[in-house]
Amino acid sequence: MRLDSFKLAHWLNARKYTVAQAADLAGLSVDVLQAILGGQGGELGEKDAAAVACALSVAPSQLEAAADLELTVVHHSAERMRASRRPIQRDGIHFYNYYTLAAPDGRVAPVILDILCPADRLPALNNGHLEPAITVNLGPGDIHGRWGEELTPETWQVLAANTGHDRWITGDSYIEPSYCPHSYSLASGRPARIVSYTAHSNLAALVTDANTWSGPAFDEAVGALSSHVSAGVLLDTVLARRVHTRASAAAVAGIPLAHLEEALTAPLSADGMAVLRCLGRAIGFDYRFLLPPDGQRDAVGKTWATVEDARAGQRQWGGYQAASMAAAAHLPDLAGTFLRVREAAEAGDFVDHTETHYVVIDGHLTLEWEDRESVRSVGLTADGSAWVGPFVRHRWRGDGAVLKFGSGAHVSYLDWLELSSTFEPARTLRRGRRDLSGWGYE
């Protein structure tokens, strides 16, 4: 097992152990850990790696070196995508074919599905999944979507394909929430397929942690969420942690209790935000999380965009023609865009703050990206795909169409909220990157 020198240094600092103390607890020579920290070697046997992890009270995986250090782009050819085909049986029939698109090992990747359930058959539901997703009809035919046992206008809809001249906008799209049961069938005799961009969930870490809680503790958590999570409910949680009541917190902030109660009923008003901001400053919490989210979802949690919606939002961006897929303010990291690339146009540069996934749907395109001090490139045709890391400058050239997706797997909106509140964020990031500095003691 190869230990990461930066992770080792971090946990030495976090646990407040010197190198010599950690080596002694692990039963190893101090020279072994010094060599890892100095970059001269990180390979340890499983027994020794486990001993170091035990000394620092972490799992060995928390010290393991990443395999994709300085990874910028991963790309798959159309042939590789098609070779990933695996048939799915459901409800006694050949229901889907799944295909995997490009992504680094160990990370969530988008998939393409051939929809095979016939139009005269009600598609059997699945159980949903934690990760939210953008789903897009790639055509050429329409698709029936199902999102519930009882069929209603919200649980049984047609995901239409675009049959117009602007086929680079492939079809309707929608955002699917966590654990929403869903399934698809053909809506006619025409074949059809979708791309499902299953995104990183910002709840994943909480769900993983909740798996370790006791039953009574988990019941307490669920009870706190069983009613509408209003500004008042959230504030009471914050105040209880600080052993405050609303009255005592208002007194500390110099706010009349009546004004605080009014702010909780109208947190988006000018007076409401001023009061909550004043309270947050006095008590020590970020008032912004008391503001209600903008809900844009139907009865089962979906957010929809038709082909006409996408057309209405067409715009030029550099050398690209762009149109938006479904978007929702309550899932701000989940983004999808239709892109038309033209040979004669000068391509603009993308430098996204999150990972980006692409799938080529038409034409012959070249993806260029900047890696160290050189420019690298790869040619891709329809069904080719690529993953681009955060803040990697890149562009598309050629003539064709590509779908662009992004999620919050790296710098999420929660990270931006944290960075916007961090003292000297740039200095903090510089110090934290590959930090081998000790915590100041011999």
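The largest nonpolar core of this predicted model has 26 residues, and those with the most contacts inside it are Ile 112, Ile 134, Val 195, Phe 338, Leu 403 and Phe 405. A nonpolar core is here a set of buried Ala, Val, Leu, Ile, Met, Phe, Trp, Tyr and Cys residues joined through side-chain atoms within 4.5 Å, where buried means under 20% relative accessible area, exposed means over 50%, and partly exposed covers what lies in between (1.4 Å probe, protein chains only). At least two residues of this core come from each of strand S5 (133–140), strand S10 (192–198), helix H12 (307–312) and strand S18; helices (H or I, at least four residues) and strands (E, at least two) are DSSP runs, numbered from the N terminus. Apart from this core lies another one, of 21 residues, with Trp 11, Leu 12, Val 58 and Leu 63 among them.

Residues are numbered from 1 along each chain as its sequence is written, and side-chain values use heavy atoms, with hydrogens and water left out. Because the model is predicted, local features need pLDDT of at least 70 and side-chain atom pairs count only at pLDDT 80 or more, whereas totals for chains, interfaces and linings use all residues.

The protein as a whole comes to 14 helices and 18 strands, and 42% of its 442 residues count as buried. Of the contacts with a separation of 6 or more, 70% are between residues 24 or more positions apart. The C-alpha atoms fill a box of roughly 70 × 65 × 50 Å, taken along the principal axes.

Ala 49, Val 52, Ala 53 and Ala 55 are buried, and they lie on the same side of H4 because they cover an arc of only 165° around the axis, the arc being that of the directions from the helix axis to the C-beta atoms. On the other side of H4, Glu 46, Lys 47 and Cys 54 are exposed. What covers the buried residues includes helix H1 (5–15), helix H2 (19–26) and helix H3 (30–37). Just after H4, Ser 57 takes a positive phi of about 55°.

Charged side chains link other parts of the chain. The structure holds 20 salt bridges, each being a side-chain nitrogen of Lys or Arg within 4 Å of a carboxyl oxygen of Asp or Glu. In one of them, the side chains of Asp 91 and Arg 121 meet at 3.3 Å, N to O; Asp 91 lies in the loop between S2 and S3 and Arg 121 in the loop between strand S4 (111–115) and S5, so the pair ties together parts that are 30 residues apart in sequence. Asp 91 is partly exposed at a relative accessible area of 43%, and Arg 121 is partly exposed at 29%.

Asp 349 forms a salt bridge with Arg 395, the closest N and O atoms being 2.6 Å apart; since Asp 349 lies in the loop between strand S14 (335–341) and strand S15 (356–371) and Arg 395 in strand S18, the pair ties together parts that are 46 residues apart in sequence. Asp 349 is partly exposed, at 29%, whereas Arg 395 is buried, at 6%. Arg 397 forms a salt bridge with Glu 368, with the closest N and O atoms 2.9 Å apart, and here Arg 397 lies in strand S18 and Glu 368 in strand S15, so parts 29 residues apart in sequence are tied together. Arg 397 is partly exposed, at 30%, and Glu 368 is buried, at 17%. Asp 349, Glu 368, Glu 370, Arg 393, Arg 395 and Arg 397 are linked in a network of salt bridges.

Conventions:
Contact means heavy atoms within 4.5 Å.
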